[in-house]
Amino acid sequence: MQTFFYLLDMTLRLLVFLCILFPAFAKAIEVLDLYESTLYIDDKTRASRVEASKAALTNVIKKLTGKSQANSHPLIRQAMLSISDYMLKYEYLETREGDLQIKVKFEAQKVEELVRDSNLPLWGNRRPKIAIWLAIEDGFRRDFVTQESYPQLERLIYDTAQDWGVPIVVPLMDLEDRSKVGIAEVWGNFSEPVEIASMRYQAERVITARMFKPEASDFWQLEWRYTDAELFESNQLVGDKQQVLIQMVNNFSDALVKQFAIDPNKTYASASSVLTVDKLTDFVTIEQARRQLISISTVVEVDVIERTNDAVKFLVEHTSDVTDLVKAIKLEQSFTPFVDPRAFYQLEDSHNLKYSWVGE
């Protein structure tokens with residue numbers, strides 16, 4: 001009996017340790033290139049530059065809103081007529097192959113105002129990183145898609161995700177990765193080893209995918225799913241090899257936009273929530289935490305209402321429901337959900353929100 005309780009105690013300690021460890025790695029990251037776009041261009045004439053800049057603004061708006069046809073909106077069409085008003089700078093680049101490109105960067109505040117005035121959803125620059133483990137069966141051989149094995153497919157995945165402004169990582173599949181994950185784990189979607197290996201890449205969400213061409217078929221089949229049990233659902237795509245890869249990235253990117261973008265047509269009455277944050281040891285860290293909270297787009301005001309030892313209670317006024325507030329805080333790197341080492345189960349209570357301060 002003593003052995004049983006000893007093992008139970010060790011198991012609980014391990015679970016608490018994992019709960020503490022994994023959120024520290026599974027955080028959203030700040031996307032730095034949301035307001036810029038790079039395109040191929042024929043020459044350096046003013047006419048070519050203007051047209052390329054309009055296309056660049058369309059690309060930026062897609063990253064912010066998830067809407068690829070937003071340029072059809074009257075306000076955005078009008079903005080295209082005075083494109084230079086929104087531009088911060090541009091520069092010409094030359095590729096290794098000798099092709100000409102133009103990189104256009106826009107003023108973040110002006111573009112965001114344009115999006116809001118156009119009544120379009122807006123997704124901020126803190127976004128979850130997605131790890132994509134993709135195995136391919138080509139003939140009688142199975143291998144991982146990496147920069148070395150299938151460079152064109154890997155590049156296609158990155159380029160498509162960049163169009164959406166979604167941070168992704170295709171694992172290197174070096175000795176460290178292969179010591180933890182093999183083809184069989186990804187092909188069969190064995191979640192545990194894949195999730196553990198993904199911690200190296202600080203991924204918040206993990207996708208396993210397999211691509212193959214069924215016998216007597218001219219089309220490729222791509223099956224992908226999240227390893228998260230809450231999202232565990234197989235998705236199947238059929239078509240050209242490049243087409244199905246693009247569609248997979250489009251599908252999960254579109255789902256992320258719908259989950260995290262702020263819908264201007266969805267109105268909320270002003271609400272207040274109390275957040276308890278521990279590990280705030282002095283007035284400097286308290287102020288840092290307060291500023292971090294108030295930087296969330298739906299938060300209107302943050303006040304300190306109580307302080308005990310190293311914990312502080314904040315009264316947060318926000319224009320979203322509590323669920324959306326919790327989602328927004330989860331994307332903040334400075335906070336991690338509070339884990340009570342004495343509790344058998346870690347329960348999330350939307351009316352009693354508790355976090356630990358990690359720091360900026």
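Reader: Is tyrosine 226 buried or exposed?
Author: The relative accessibility of tyrosine 226 is 10%. Buried means under 20% relative accessible area, exposed over 50%, and partly exposed in between, with a 1.4 Å probe and protein chains only. Tyrosine 226 therefore counts as buried.

Reader: What pLDDT do local features need?
Author: Residues are numbered from 1 along each chain as its sequence is written, and side-chain values use heavy atoms, with hydrogens and water left out. This is a predicted model, in which totals for chains, interfaces and linings use all residues, side-chain atom pairs count only at pLDDT 80 or more, and local features need pLDDT of at least 70.

Reader: How many helices and strands does the protein chain have?
Author: Both are DSSP runs numbered from the N terminus, helices being H or I with at least four residues and strands E with at least two. By that rule the protein chain has 11 helices and 16 strands.

Reader: Why is the pair of tryptophan 224 and tyrosine 226 assigned its class?
Author: Rings of Phe, Tyr and Trp (its six-membered ring) pair if their centres lie within 6.5 Å; planes under 30 degrees apart are stacked, over 60 edge-to-face and the rest tilted. The count by this rule is seven aromatic pairs. In one of them, the centres of tryptophan 224 and tyrosine 226 are 5.8 Å apart. Their planes stand at 75 degrees, so the pair is edge-to-face.

Reader: How far apart in sequence are the parts tied together by phenylalanine 335 and tyrosine 355?
Author: The ring centres of phenylalanine 335 and tyrosine 355 are 6.4 Å apart and the planes lie at 75 degrees, so this pair is edge-to-face. Phenylalanine 335 belongs to strand β15 (residues 335-337) and tyrosine 355 to strand β16 (residues 353-357), so the parts tied together are separated in sequence by 20 residues.

Reader: Which residues do ring pairs link into a cluster with Phe252?
Author: Tryptophan 224, at 3% relative accessibility, counts as buried. Ring pairs join Phe252 in a cluster with Trp224 and Tyr226.

Reader: Which arginine lies over the face of tryptophan 187?
Author: A charge sits over a ring if NZ of Lys or CZ of Arg is within 6 Å of the ring centre and within 35 degrees of the ring normal. The charged end of arginine 127 sits over the ring of tryptophan 123, 3.9 Å from its centre. Over the face of tryptophan 187, at 4.0 Å from the ring centre, lies arginine 142.

Reader: How far is the C-alpha atom of phenylalanine 212 from that of arginine 142?
Author: Phenylalanine 212 is placed in strand β9 (residues 205-212). Contact means heavy atoms within 4.5 Å, and beyond four places in sequence phenylalanine 212 has contacts that include Trp187 and Trp220. Arginine 142 is 70 residues away along the chain, and the two C-alpha atoms are separated by 9.0 Å.

Reader: How are helices α2 and α5 oriented to each other?
Author: Axes are lines fitted to C-alpha atoms, for helices over the stretch in contact, with angles from 0 to 180 degrees between N-to-C directions. Helix α2 (residues 46-65) and helix α5 (residues 151-164) pack with axes 6 Å apart, at about 80 degrees. Angles under 35 degrees are roughly parallel, over 145 roughly antiparallel, 65 to 115 roughly perpendicular and the rest oblique. Helix α2 is therefore, relative to α5, roughly perpendicular.
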